[in-house]
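This briefing looks at charged side-chain pairs, a pocket and a few individual residues. Please keep the sequence and the model in view while reading.

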Amino acid sequence: MTVVYGPVLDGMKQAFLDELIDLNAAIAGPLLICGDFNLIYQAADKSNDRLNLRWMRRFRRAIDSMQLEEIHLHGRLFTWSNERRRPTFERIDRAFANIQWLDLFSSHHLRTLSSDCSDHAPLLL
C-alpha cells in the first residue's frame, strides 16, 4: 500500500506521475495506491467546467499505463471543496489497485468516514 499526496504545482505533477509509474513497475505483487492525487481524470470529477484537459489526459494515461483500476468510493461524489461562497468541488482523493490486489481483496469496500466534504478521509474496509 502506497499513500500519496500529489503536488499542487503543475511544474511538479509530471515528476509525481513518473514516480508512480516507476513504483508500479518495481512492484511485482499486489499494489494499492491511495491518497490525495491533486489531479482529476474525468470531467465528472469536478463541479464546474473549468478543466485542465492536459493534466486530465496525463493522469488518465498514467493510470492506464500502470493497468490500475479505481476502487469505487461509496457515499461521496466529491472529496474536496475550495469552501467559497460559490464553491468548486472536486474528487482528488482516490484509491487505485492492480489486478493482484483486487484478486486478493475481492470483497473490498471503500467508504467515507464523514459525509462532510471538508472532512474527506476515506476508509478502506
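Does N24 count as buried or exposed? In this predicted model, N24 counts as buried, because its relative accessibility is 14% and the buried class covers values under 20%.

**N24 and its contacts**

- N24 has its place in helix 1, the helix that spans residues 10-26.
- When residues up to four places away in sequence are not counted, N24 touches L31, M66 and L68.

**Salt bridges within helices**

- A search of the whole structure finds six salt bridges, and one of them joins D10 to K13, with the closest N and O atoms 3.9 Å apart.
- Both D10 and K13 belong to helix 1, where they are three residues apart, or about one turn of the helix.
- The two partners fall into separate accessibility classes: D10 counts as partly exposed because its relative accessibility is 37%, whereas K13, at 7%, counts as buried.
- In helix 2, which covers residues 53-65, the side chains of D64 and R60 are four residues apart and so separated by about one helical turn; they meet in a salt bridge with an N to O distance of 3.0 Å.
- Both members of this pair count as partly exposed, D64 with a relative accessible area of 44% and R60 with a relative accessibility of 30%.

**A salt bridge between strands, and a network**

- The side chains of R94 and E70 meet in a salt bridge with an N to O distance of 2.3 Å.
- Because R94 lies in strand 7 (residues 93-97) and E70 in strand 3 (residues 69-70), this pair ties together parts that are 24 residues apart in sequence.
- R94 is buried, its relative accessible area being 3%, while E70 counts as partly exposed at 24% relative accessibility.
- R94 and E70 also belong to a network of salt bridges, in which they are linked with D45 and R91.

**R61 in helix 2**

- R61 has its place in helix 2 and counts as exposed, because its relative accessibility is 51% and the exposed class begins over 50%.
- R61 and Y41 are 20 residues apart along the chain, and their C-alpha atoms are separated by 9.1 Å.

**The largest pocket**

- The largest pocket has a volume of about 440 Å³, and 20 residues line it.
- Of these lining residues, K13, N38, K46, E90 and I92 lie nearest the centre of the pocket; K13 is also the salt-bridge partner of D10.
- Helix 1 and helix 2 each supply at least two residues of the lining.
- Sorted by class, the lining is made up of eight nonpolar, five polar and seven charged residues.

Key. Residues numbered from 1 in each chain as written. Predicted model: local features only at pLDDT ≥ 70, side-chain atom pairs only at ≥ 80, totals over all residues. Heavy atoms only, no water. Salt bridge = Lys/Arg side-chain N within 4 Å of Asp/Glu carboxyl O. Buried < 20%, exposed > 50% of the residue type's maximum accessible area, 1.4 Å probe, protein only. 1 Å grid on protein atoms, 1.4 Å probe; cavity = no way out; pocket = protein on both sides within 12 Å on 5 of 7 lines; lining within 4 Å. Points joined across faces, edges and corners; volume = space filled by probe spheres on them. Nonpolar A, V, L, I, M, F, W, Y, C, P; charged D, E, K, R; others polar. Contact = heavy atoms within 4.5 Å.
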